[in-house]
Amino acid sequence: MVSLTRQKDERVVGLENKVYRELMYIVYALLLASLIYNYVQFGAQEAFLSIEVALLLLLSLYSGIRYQMMGLYTDKAEEYLVKKKKKYSTFYFVAGGLLGLGFSFSFAFNSAINYAETTTQSITYFATVFFVCAIIYIVPLALLTGFMPWISERKAKKRLQEDEGES
């Protein structure tokens, strides 16, 4: 008897997923390039950037929700814990903090270049804007990027403890 449900080769599924992931990176790169081009070409006030920003946020939100629904965060955290014996969420907390630091530095540099008239004023503007932006961006971005992996890490630890208890 011939089965109507056809099983796919794991290698083929893995390669398809790799292609889809690469396509997502291309989409992200194109959206960011469009965002940067419009900002540079038209300036912050004239550029109509809401479509690009909305798409970037929606793509990120969708992928995060799908990862959580499919349990991929937990599986990745479990695999990471078994292999590395380190915390999975630490990388994401650090990455979010570095992203906030990058934002702070770029805003501070922009203020020092565009708004200061003397060197002393430039240094003052840079320091002030950098520290204020660091307070505003570093902690929230670190928490936002590290929260989901932290929850998944907790679930993975619980799952590993349950598996060890059954054995």
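Modeller: Helices are DSSP runs of H or I with at least four residues, and strands are runs of E with at least two, numbered from the N terminus. By that rule M70 belongs to helix α2.

Colleague: Thanks! What should I know about the model before reading on?

Modeller: This is a predicted model, where local features need pLDDT of at least 70, side-chain atom pairs count only at pLDDT 80 or more, and totals for chains, interfaces and linings use all residues. Residues are numbered from 1 along each chain as its sequence is written, and side-chain values use heavy atoms, with hydrogens and water left out.

Colleague: How many helices and strands are there in the chain?

Modeller: The chain has five helices and zero strands, so reading from the N terminus gives α-α-α-α-α.

Colleague: Where does α5 bend?

Modeller: A bend is the angle between axes fitted to the seven residues ending at a residue and the seven starting there. In α5 the bend is about 40° at G146, and the proline P149 follows within four residues.

Colleague: Is Y125 buried, exposed or partly exposed, and what does Y125 touch?

Modeller: Buried means under 20% relative accessible area, exposed means over 50%, and partly exposed lies in between (1.4 Å probe, protein chains only). Y125, in helix α5, has 29%, so this residue is partly exposed. For touching, we use contact, meaning heavy atoms within 4.5 Å. Not counting residues up to four places away in sequence, Y125 touches S111, A112, Y115 and A116.

Colleague: Which residues of α4 are buried, then?

Modeller: They are S89, G96, G97, G100, S104, A108, S111 and A112. What covers them includes α5 (119-166). In the chain as a whole, 21% of the 167 residues count as buried.

Colleague: And which residues form the nonpolar patch on the surface?

Modeller: Nonpolar side chains (Val, Leu, Ile, Met, Phe, Trp, Tyr) are joined within 5 Å, and like charges within 9 Å. Here the patch is L58, L61, I65, Y67, M69, M70 and L72. Helix α2 (residues 50-70) gives the largest share, six residues.

Conventions: Patch = residues over 30% accessible without salt bridge, like charges linked within 9 Å, V, L, I, M, F, W, Y side chains within 5 Å. Areas by Shrake-Rupley, 256 points an atom, 1.4 Å probe, with all protein chains shown as cover. Salt bridge = Lys/Arg side-chain N within 4 Å of Asp/Glu carboxyl O.
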